[in-house]
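Reader: I would like to go through some side-chain pairs in this structure. Please show it first.

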Amino acid sequence: MAQLRLTLLAMSLLILSPAMDGGGGGTVQAQIVPAVISFGDSTVDVGNNNYLPGAVFKANYVPYGVNFGSRRKPTGRFSDGKIVTDITAETLGFESYAPPYLSPQAKGDNLLLGANFASAASSYHDDTAAMYQLKYYKEYQSKLAALIGQKNATAILSDALYIVSTGTGDFIQNYYHNASLSSRYNVNSYCDLLISIFSGFANELYRLGARRIGVTSLPPLGCLPATIRLYGKGRSGCVERLNGDAETFNNKLNITVEALAKKHSDLKIAIFDIYTPLRNMSESPASQGFLEARKTCCQTGTRKTRVYLCNPATAGLCRNASDFVYFDGVHPSEAANLVIAESTISAGISLVT
């Protein structure tokens with residue numbers, strides 16, 4: 001049902017969007033935006049970490065990708081199939097996805113689709129990750145200008161949709177595990193720190209030409225299978241303390257996004273709320289057509305990072321990933337990503353119309 005509604009939305013948006021002259025008397029239907037450019041963590045990583053030798057978090061092994069298109073093999077996406085940005089690109093009229101920027105495919109005409117700079121395990125507090133993603137973006141700008149000329153590149157970059165999706169790791173990989181960090185900041189002040197970093201990042205994107213920015217909220221941190229396992233004290237329900245932390249961050253993010261919109265009159269910026277749909281699916285899976293929200297489709301590990309990810313040493317996999325809200329300990333299944341994508345439609349429309 002979610003897929004049908006997204007398809008109908010895509011058709012209606014394409015009808016409303018202007019067509020391009022194909023040069024032969026006919027018209028060629030344009031994408032709603034010329035490119036999609038993504039920054040962030042594993043929620044939007046499409047394989048960049050596969051090209052980082054020192055990266056710990058990778059999704060380059062089975063069962064990741066088992067339901068991804070016709071290839072049905074790992075691509076670096078942390079799901080059984082499509083992630084939300086894939087579904088967003090399709091809804092916007094793209095027939096293919098921007099490749100991971102660090103891959104050999106990120107060249108030539110593929111650059112016209114946009115670029116994906118996301119890297120699993122990145123976070124707001126990790127200044128190095130943000131610095132490198134912006135560094136690669138500036139490099140991408142130069143490559144695009146060399147390919148199609150500065151004027152055309154500037155036009156694409158100003159009309160492109162920019163997606164920023166990170167923050168989960170700031171809590172489940174950093175704050176909850178780093179005693180030094182949690183002793184220096186309470187949750188409120190830590191959220192203030194992260195929000196200030198996001199604000200600086202968004203202002204820098206604006207300075208570099210971005211005019212359509214969508215930023216994701218934090219998910220319900222206390223409903224992720226991995227955090228329930230680590231912090232649930234043996235109970236199966238969501239950990240409300242962690243959900244409260246996410247809500248604190250999200251409330252501050254709302255205020256900051258409103259301030260950025262007021263500061264830059266020509267900037268379209270919106271929040272993609274993933275907290276609400278994912279919490280609804282986590283607490284009432286049957287209402288959304290799912291059978292399971294506490295167990296993961298793939299068998300996760302038991303130590304360190306493996307509690308979050310599918311265990312590469314086992315072949316444990318559910319029969320039908322679409323029955324599960326979560327594919328691994330923190331990442332939704334493709335079926336859940338479809339529900340999330342549908343729920344963010346109104347925010348997306350505000351950015352592209």
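Reader: Which side chain has a polar contact with that of Asp273?

Author: A polar contact is a pair of N or O atoms within 3.5 Å; within protein, one must be able to donate a hydrogen and the other to accept it, and residues adjacent in sequence count only if both atoms are side-chain atoms. The model is predicted, with local features needing pLDDT of at least 70 and side-chain atom pairs pLDDT 80 or more, while totals for chains, interfaces and linings use all residues. Residues are numbered from 1 along each chain as its sequence is written, and side-chain values use heavy atoms, without hydrogens and water. At 2.7 Å, the partner of Asp273 is Thr276.

Reader: Where is Asp273 found?

Author: Helices (H or I, at least four residues) and strands (E, at least two) are DSSP runs, numbered from the N terminus. Asp273 lies in the loop between β7 (268–272) and α10.

Reader: Which residues does Asp273 touch, not counting residues up to four places away in sequence?

Author: Contact means heavy atoms within 4.5 Å. Ser343 is 70 residues from Asp273 in sequence, yet their C-alpha atoms are 7.8 Å apart in space. With that exclusion, the residues touched by Asp273 are Ser217, Ser343 and Thr344.

Reader: Is Asp273 buried, exposed or partly exposed?

Author: Buried means under 20% relative accessible area, exposed over 50%, and partly exposed in between (1.4 Å probe, protein chains only). Asp273 has a relative accessible area of 31%, so this residue counts as partly exposed.

Reader: How many salt bridges are there?

Author: A salt bridge is a side-chain nitrogen of Lys or Arg within 4 Å of a carboxyl oxygen of Asp or Glu. Counted by this rule, the salt bridges number 11.

Reader: Which residue forms a salt bridge with Lys252?

Author: Lys252 is buried at 18% relative accessible area. The N to O distance is 2.9 Å, and the partner is Asp192. The pair links distant parts of the chain, 60 residues apart: Lys252 is in helix α9 (residues 240–263), and Asp192 is in helix α7 (residues 187–207).

Reader: Which residues are joined into one network with Glu240?

Author: Glu240 and Arg279 form a salt bridge of 3.0 Å, N to O. This pair also links distant parts of the chain, with Glu240 in helix α9 and Arg279 in helix α10 (residues 275–283), 39 residues apart. Glu240 is partly exposed at 44%, whereas Arg279 is buried at 15%. Through salt bridges that share partners, Glu240 is in one network with Glu247, Arg279 and Glu283.
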